Structure formats: structure tokens, C-alpha cells
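The following report is meant to be read alongside the sequence and the coordinates. It takes a few elements in turn and describes their surroundings and their pairing.

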Amino acid sequence: MSNSSLSTPSASTMLSAGRSAQIRAEAIRVTLGDRTVLDGVDVTVSAGSRLAVVGENGRGKTTLLHVLAGILAPDDGRVSRVGSLTLIEQHLEAGFERTVGDLIHASIAEALAALEDLEAATEDLAHGRPGAEARYTAALDAATRCDAWDAERRVDVDLEGLGACSDRERELSTLSVGQRYRVRLAVALGSGADLLLLDEPTNHLDAEALRYLVRRLKEHRGGLVLVSHDRALLREVGISFLDLDPTRDGLPRLYAGGYDGWVAGRDGERDRWEQEYRDQVREHSRLAEAADEARGKLRTGWRPDKGTGKHQRATRSDGVVQAFNRRLEDLERHRITVPEPPLHFAMPDSLGTKGKPILHGEDMMVSGRLDRPIDLRIDGGDRLLLTGPNGAGKSTVLSALAGRLRLTSGDLTVHQGARVAVLSQEVPDWDSSKTASETYRDHIDRMAVDDPASAGRDAPSLRSLGLLDSASIGAPVGKLSQGQQRRLHLALCLAERPDLLMLDEPTNHLSPALVDELTAALRATEAAVVVATHDQQMLADLGDWPRLDIGDYRGGAIGSPST
């Protein structure tokens, strides 16, 4: 294995092995600091594998990719690799003075070397040098195995398909983050590696590039390991799913049957786990009540009817003591051995009032950010999807409707008493040293100051929302993952019990399982909901909602929206 290439974000290792390529990981355990990130992971990836690795942020998905690629050695377990592999990571450095051409040549180095060896062997064969025939056969086999003659064309096709820069002389540092990522992804796809390891590959891709990526991954002849929150990509590409989220026994689960098989298997196992936990808690409560009842009899004593003999009173008293001891022993023997299951997301019930006027905007514009007038009326129970390309002004519209951004022209009226909350793409400016619980309580206290009439009396408890577990609720917000911070931000929005809930790219940093639950809740709530998203699966799931395409807006009220 060549370790030098592993220092770059896109790592390619070893020689092609075609259909024999494989990564096998057994009993993998990884501890980072004082936290066990992975434990008991067994996985095999070979030609034809389409493995999706799923789970909440911080569950070790990227760590597992690093273990499979050989960048990180596990604390326990073993990994064996056969064949070439390429890893493409989420965060990519500019590469100083490296050019697009440098990246291309590095990605197809095996193919270029094979062609050079074949050319040298051909010359040896032509001159009748000793051993030339064997060298020629070996070189031809190596070039054929990695399809060396087509290497550069493959990369060019992928560059074009992803809309990436193909100028070989262009320095990577002069490209935008999104363009740089597309170049890296294209050369990874075009490298001809047997095994592809991809970490959130839809970052920085538009809808057209995403469609190309889906098609390209489905056509890949080798194996594939995919880490993604993109449900459309997971649904289209994933065949088997490795779920790293908590389970009853603490071990990861491998599900077959594609996306639907994973969801059905995960939900079924979660239902069984919850039932076992409820049964044990119910039995423990029954035994505790029986012990309390026996304790009460012991405290009050047994008073027999007058005339009862002394011996009979003593015998009955002994029976009360014995009954109490038995109940206590039963309670002490019974242990709740099933761990508490993770909570489900629970949207507060009393959000919004159907038909209640919330806001009305006319000819709304924000100079330099929203240069075409927008008319919009939203009442309780309304639904709206905001779509359009990056930079069209979707986030600007939400910020303006929430009163966080001043209009430069036009009017916006928010009706008295109407509460508007927005889940923005950026988390609030929190005190990173405060816990999630303290941050939530501070938010409710500020609500009481801003709106004394409500005084935060209707705010749900943080735990009741099912967004954060006990450990996260008690952790400083600065220590929370992006996904956990996003969950807390959503909790703050729901604490306001808004009449209008607006969400800007709500699938960012959230697990597919939570997004599924959130989508169902958005469809059911009586609050008005506005969603701005590029997420193809969410757009499909909310496809019957009225839609406003900011990038194609030509004026007029949303009385007859696009559906």
C-alpha cells in the first residue's frame, strides 16, 4: 500500500484487482478521547457492493470510512484490503499550487504507469530482449485490468457530468469551494478505482449534477461505500445499510433490501426494543407498588378483632413481615436490563390556528439580494415550498418575513399576536459554555420578556420534543455536533409555538430518520409552514404543496401558486 497518497483528502491506494477487490473489517473498535465511537463493526465491501452507512452526526460514519481506507488504525479488530480504493472526503483543502491537471494525473497514476510499462515492454519485445514476452504479457494484463487507454476520457466525462472545471492549467486555489469539490469528486469517480468511499458526496452539487452522480454510482462496476444524509441518493443507490445509531445491545445493524428494507427493519427493531422496555418498566412499577403496599401494612401494623389470642396476633404479625420481605426481594431481584430507547420526534400539538391571518407582504424587495418584488399572504394552516437556485433569494425571503432583514421597498404586515419562527441555516450565537438545557431555558425566559402575555407558559420541555437525548441536553452547546446543534435550534423554534414555522434547508445535518419524522409532522401540524430546500426527496415528499420558485418569479400574489 502506498501511504503517501493517503495524506490527501482524495486517497487512492494499491493496484486494481477487478472483481477480486475487497475490504473486510472485523470487530472494529475505535475510541477517540474518552468516547467509544465505533464498537463491534463487521463489514465486507466487494465488487458490486452498494453499502450505505447511516446514523446521526457523531456516530462514527466518517471514522469508519477512515478505518476502511487505512487512514486510521482501529483500537481493536482487523481490516484487510485487496484492490485499489479512492476516498473522497467532505472537507477539501485548496492544494496550494496544485492544478486541475495535477489532480487528474494523480488520480489515474496507475493507468499512466501501466501504459508506460506496456510501451517499454513492447519495445523490448520488438528488440527480442530476454524475458520481454513475459513482461509484455504482465504489462498488457495490468493495462487491461484498469482500462488504462480510456483513463483520461473517463475523467473528462465525469468533469463534464458534474459541471466541474476541466482546465488542466487552472490552480485549485483559484476555484470556489464548490467547484474544487466537484473537481475532486470527478477525478475520484474517473480514477477507475475498484472501491469508492464517499463521504457526503452531494455537498455542493445542484440538481443536474446530483442526477449525474446517481447514474454514475449505479453504473460503477466496483464496490461502493456511501456516507450521506441525502435520502434521494440513499434511496437510489443504497442496497445494504449499516446503521450506526443506538440499538438494544449497543451493536450496529446491517440491513438488506435497499432504503425501504432499512426503514422497515429499523422501525421493526425499534418497536420491539420499546415494547421490551415498556414491559420491564411496567413490571418494575408493579413490584414497587406491591412493596409499598406491604410496607404500609407493616407501618400501620395488624390490629385483630377483640378477643383474638396472643399467639394468633404474633403469627399474623410474622406473616405481614414475611410478605413485606418477599415483596422487597422480588423488587430487588427485578432489574430493568433493557436500555432506554431513543426518543421519537414529537411536534407540539397546539401550533397555529387554521385560517388565522399571519402576515401579508406586497412588493417586497431587498436591494442586492431580492431584486424582484414578491407578494405573499400566509394564513394559519397554509403550506408553501420556496425553490430556486443558490443566490436566488430564498433565505432572504425567510429572513425578511421573520423580521430579521429590513425591506428596502414594499410592505410587510405581521398581524397582531401572530408568532413567527425560522430555522435558519446558521445556528444562533449561543454561549458555547452553557448546556443545551440552559440555552433552551434562556430562550424561554427571553420569550417571557418579549411577550409577557404568554410568559413561555406553553413551551414544551426540551426532552418532550424527542430531539436530544439526556447526555446531549446536559452537554455544553459548544461540544455538540452540527446535527445536535441543528436539533437544538429546531427545539428553540418549536418552543415559541409559532403560528408560522419557516425552515431553511431543514435536512442539513439531520439524519434521514429524523427528516422522515419531521416531514410527517410538517404535513400534520395546523401551523402554517414554509420550507426552502434543494433536497430532492423532501421536494418529492411535499410535492403536493404550493410552490414559489424565487429564481423564476415574475410578480403577482401567491393566490394561484404553482403546484
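In this predicted model, strand S13 (residues 383-387) is mostly covered, five of its five residues being buried. The cover extends to both faces, with Arg-383, Leu-385 and Thr-387 buried on one side and Leu-384 and Leu-386 buried on the other. In a regular strand the side chains alternate between the two faces of the sheet. S13 pairs in the parallel sense with strand S17 (residues 528-532) over four bridges, and in that pairing Leu-384 stands opposite Val-530. S13 also runs parallel to strand S18 (residues 547-549), to which three bridges join it, and here Leu-385 stands opposite Arg-547.

A separate pairing involves strand S11 (residues 357-366), which meets S12 in the antiparallel sense over six bridges. Within this pairing, Met-364 has Ile-374 in S12 as its bridge partner. Both strands belong to an open sheet of three strands with the order S12-S11-S14 and antiparallel pairing. Its edge strands, each pairing on one side only, are strand S12 (370-379) and strand S14 (409-414), and neighbouring strands of the sheet are turned by 10° against each other on average, direction ignored. The strand pairings described so far are set out below.

| Strand pair | Sense | Bridges |
|---|---|---|
| S13 and S17 | parallel | four bridges |
| S13 and S18 | parallel | three bridges |
| S11 and S12 | antiparallel | six bridges |

Turning to the helices, H6 (residues 177-190) has 14 residues and reaches 20 Å from its first C-alpha to its last, which is close to the 20 Å expected at 1.5 Å a residue. H6 is mostly covered, with twelve of its 14 residues buried; among them are Arg-180, Arg-182 and Arg-184, together with Val-183, Leu-185, Val-187 and Leu-189. The elements that cover these buried residues include strand S6 (85-88) and strand S7 (195-199), as well as helix H2 (100-107), helix H5 (151-161) and helix H7 (207-219). Just after H6, Gly-192 takes a positive phi of about 80°.

Helix H11 (residues 394-401) is largely enclosed by the rest of the structure, because six of its eight residues are buried. These buried residues are Lys-394, Thr-396, Val-397, Leu-398, Ala-400 and Leu-401. H11 is followed by Gly-403, whose phi is positive, near 80°.

Why does Ala-143 count as buried? The relative accessible area of Ala-143 is 0%, and buried means under 20% relative accessible area, so Ala-143 falls in that class. When residues up to four places away in sequence are not counted, Ala-143 touches Ala-114, Leu-118, Ala-148 and Trp-149. Ala-143 and Asp-117, 26 residues apart in sequence, are 8.7 Å apart in space, C-alpha to C-alpha.

Methods. Residues numbered from 1 in each chain as written. Predicted model: local features only at pLDDT ≥ 70, side-chain atom pairs only at ≥ 80, totals over all residues. Heavy atoms only, no water. Helix = DSSP H or I, 4+ residues; strand = E, 2+ residues; numbered from the N terminus. Expected span 1.5 Å × (residues − 1). Buried < 20%, exposed > 50% of the residue type's maximum accessible area, 1.4 Å probe, protein only. Contact = heavy atoms within 4.5 Å. Pairing = 2+ DSSP bridges. Axes fitted to C-alpha atoms, helices over the stretch in contact; angles between N-to-C directions.
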